[in-house]
Amino acid sequence: MMALMVGVMASIMSSTVVNVAIPGMSHYFTLTQERAQWVSSGFMVAMTISMLTTPWLLSRFGYRRTYVGTMILLMAGGIGGGVAMQFPLVLAARVAEGLAAGVVQPIPAIIMLRAFEPHEQGRASGMFGMGVVLAPALGPSIGGLLVDAFGWRSIFFMVVPFCLVSIWLAYRYVPTSAPGGASAAGGGPRLDWRGLVLGSVGTLCLLNGLLEVRGGDPRLAGGLLLAALAALGVLIAWLRRARRTGREALINLDLFGYRTYTMGTLVAFIYGIALFGSTYLLPVYMQMALELPASHVGTILLPSGIVLAITIGLAGRLTTRLPTRVLVGGGLVLLALSFALMPTVGLHTGLWVLVAWATLGRIGLGFILPSLNLGAMRPLAKALIPQGASAINFLRMLGGAAGVSLCAIVLEWRLAVHGDALTRPGTSLARLAAFNESFLLLAAICGIAVIAAWQLRDPPGHVPVDQ
C-alpha cells in the first residue's frame with residue numbers, strides 16, 4: 001500500500017497542480033478561457049475513461065506490470081508537457097497523464113478490500129489517505145512557488161521524481177499476481193472494446209456538449225448532449241446483453257443489484273461535481289477575483305491540506321465505529337457549508353477568513369474520502385470488487401469532469417450577467433458576485449448529495465467497533 005501511495009500521489013498531483021499554472025499558460029499561448037480549460041478537461045476525460053480498463057489490465061497483466069506501466073506513461077506525459085512548444089503537444093501530454101492516473105487510482109481500493117479484514121479496512125484507508133492527501137496539499141504550494149520562480153513549464157516536471165521512486169518500490173513490494181492471487185501471464189479475459197468505445201463516445205459528447213453551451217452553437221450543444229444520452233442508452237443495452245449471454249462486459253450490471261453500492265455511486269458522481277469543480281474554481285477565484293499571486297494560492301491552501309491529512313487519519317478509524325451514512329453525510333454538510341460561506345470573503349477581508357472556509361471544507365472531505373468507497377463496496381461479492389472499484393471511481397471522475405465544465409459555464413454566465421469578463425484587467429464587485437454565485441451552486445449540489453448519502457446502509461455483518 002505504501003508503494004502504491006507514491007504513485008497515486010504523483011497522479012493526484014498531476015491533476016491538481018496544473019490549475020495554478022493556467023493563467024501563465026494562457027498568456028504564453030494566447031489562449032481563451034475555453035481553450036485553456038481543456039488542459040484540465042482533457043486530463044479529466046482521459047482519466048475518467050481509462051478507469052474502466054483497470055479490472056481488465058489487472059487480470060491480464062497483474063498488479064506490478066500494470067502499475068509500472070502507468071508510472072512510465074505518467075512520467076512521459078510530465079516530461080513531454082514540460083518541453084512542449086505548442087499547445088496541442090501540451091494537451092497531448094495532459095491526456096497521457098490522465099490515462100495513467102485513471103488506471104492507477106482504483107487499484108488501492110481493490111487491494112484494501114482484499115488484503116485487510118473488515119475491521120482493519122478503515123484504519124488502512126485512513127493511513128493510506130493521510131499520505132495521498134499530501135499531494136493536493138503540497139502540490140499547489142510547491143507549484144505556485146515554481147511558477148513564480150521558473151514559469152509554468154516547471155510544474156510538469158514535479159511528477160518525475162515521484163514516478164521514479166514508485167517504479168523502484170513496485171519492483172520491491174508490488175505483487176506480480178492478478179486480483180485474487182491468480183497468475184497474470186498476458187492471458188485472461190478479453191477487453192470489452194464495444195463497451196469502452198460507447199463509454200468514451202458518451203463521455204466525450206457530454207463534455208464537448210457542455211463546452212459548446214459556453215458561447216458556442218446551441219444546436220451543436222444540444223446535438224452533442226443528445227448523442228451522450230443515446231450512447232448511454234446503447235451502452236446499457238449492450239451491458240445487459242453481455243450479462244444475459246455470459247460475455248465479459250466493461251461494467252458488470254450485477255453491481256447495481258446492491259442498493260448500498262448503487263447509492264454510493266450516485267453520491268460519488270454528485271460529490272465529484274462539487275469537488276473537482278471547486279478544485280478548478282478556487283485557484284482562478286484567488287488569482288482573478290482577489291488578485292493574489294500564484295505562490296499565495298498554494299500557501300493559502302496548505303493549512304487546509306494539513307488539516308485534511310489529520311482528519312482523514314482520524315476518520316479512517318471512525319469507519320468501524322460510526323455508520324457510513326453519518327460520516328459521508330456529515331462530511332458533505334461541512335463541504336456545503338464551506339462553499340456557502342465563501343461570499344463572506346471580500347476584497348478587504350482578512351485572508352484568514354478564506355483559510356478558515358477552505359479548512360472547513362477539507363475537514364468535510366476528510367470524513368468522506370476514507371468512508372465512501374469502503375462503505376459502498378463492503379456488501380459486494382469479492383469477485384465484483386475490481387469492477388466495483390473501477391465503476392465507482394469512473395462515475396466520480398465523470399462527475400468531476402462535468403463539474404469542471406459546469407463551473408466554467410456558470411462562471412461565464414454570471415460574469416456576463418454582471419457585465420464583467422475574466423479577460424478584463426483588475427477586479428470588481430461584479431466579478432466577486434459572479435464567483436460567489438458559482439460557489440453557492442456548489443453548496444446546493446453538495447446538499448443534494450447529502451440526501452443520497454443518507455441511503456448508504458452498512459451490511460448486517462459489518463463490525464460496528466474496532467477490534
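1. Helices (H or I, at least four residues) and strands (E, at least two) are DSSP runs, numbered from the N terminus. The structure discussed here is a predicted model, in which local features need pLDDT of at least 70 and side-chain atom pairs count only at pLDDT 80 or more, while totals for chains, interfaces and linings use all residues. Residues are numbered from 1 along each chain as its sequence is written, and side-chain values use heavy atoms, with hydrogens and water left out.

2. Overall composition. The protein has 17 helices and 0 strands. Of its 467 residues, 57% are buried; buried means under 20% relative accessible area, exposed over 50%, and partly exposed in between (1.4 Å probe, protein chains only). The accessible surface comes to about 18,400 Å², and carbon and sulfur atoms account for 69% of that surface. These areas come from the Shrake-Rupley method with a 1.4 Å probe; for residues, only the protein chains shown count as cover.

3. Contacts along the chain. Contact means heavy atoms within 4.5 Å. Among contacts between residues at least 6 apart in sequence, 83% join residues at least 24 apart.

4. Salt bridges. A salt bridge is a side-chain nitrogen of Lys or Arg within 4 Å of a carboxyl oxygen of Asp or Glu. By this rule, the count is 3.

5. The pair in helix H5. Glu97 and Arg94 form a salt bridge through their side chains, at 3.1 Å from N to O. Because the two residues are 3 apart in helix H5 (residues 87-104), about one helical turn separates them. Both partners are buried: Glu97 has a relative accessible area of 1%, and Arg94 has one of 2%.

6. The pair at helix H11. Arg243 and Asp254 meet in a salt bridge of 3.2 Å, N to O. This pair links distant parts of the chain, 11 residues apart, with Arg243 in helix H11 and Asp254 in the loop between H11 and helix H12 (259-289). Arg243 is partly exposed at 44% relative accessible area, and Asp254 is likewise partly exposed, at 35%.

7. The pair between helices H16 and H17. In the salt bridge of Glu437 with Arg414, the closest N and O atoms are 2.5 Å apart. The pair links distant parts of the chain, 23 residues apart: Glu437 belongs to helix H17 and Arg414 to helix H16 (residues 385-417). Glu437 is partly exposed, with a relative accessible area of 27%, whereas Arg414 is buried, at 17%.

8. The positive patch. Arg190, Arg194, Arg240, Arg241, Arg244 and Arg247 gather in a surface patch of positive charge. Patches are made of residues with over 30% relative accessible area and no salt bridge, like charges being joined within 9 Å. Helix H11 (residues 218-245) supplies the largest share of this patch, 3 residues. Arg241 is found in helix H11 and is partly exposed, with a relative accessible area of 44%.

9. Trp454. This residue lies in the segment after helix H17 (429-453) and is partly exposed at 43% relative accessibility. Trp454 is 130 residues from Thr324 in sequence, and their C-alpha atoms are 8.7 Å apart in space. With neighbours within four places in sequence left aside, Trp454 is in contact with Arg325 and Val326.

10. Ser154. The loop between helix H8 (134-150) and helix H9 (159-173) contains Ser154, which is buried at 14% relative accessible area. Apart from neighbours within four places in sequence, Ser154 is in contact with Leu146 and Val147.

Methods:
Patches are made of residues with over 30% relative accessible area and no salt bridge: like charges are joined within 9 Å, nonpolar side chains (Val, Leu, Ile, Met, Phe, Trp, Tyr) within 5 Å. Lys and Arg count as positive and Asp and Glu as negative; His and the chain ends are not counted. The place of a charge is taken as NZ of Lys, CZ of Arg, CG of Asp or CD of Glu.
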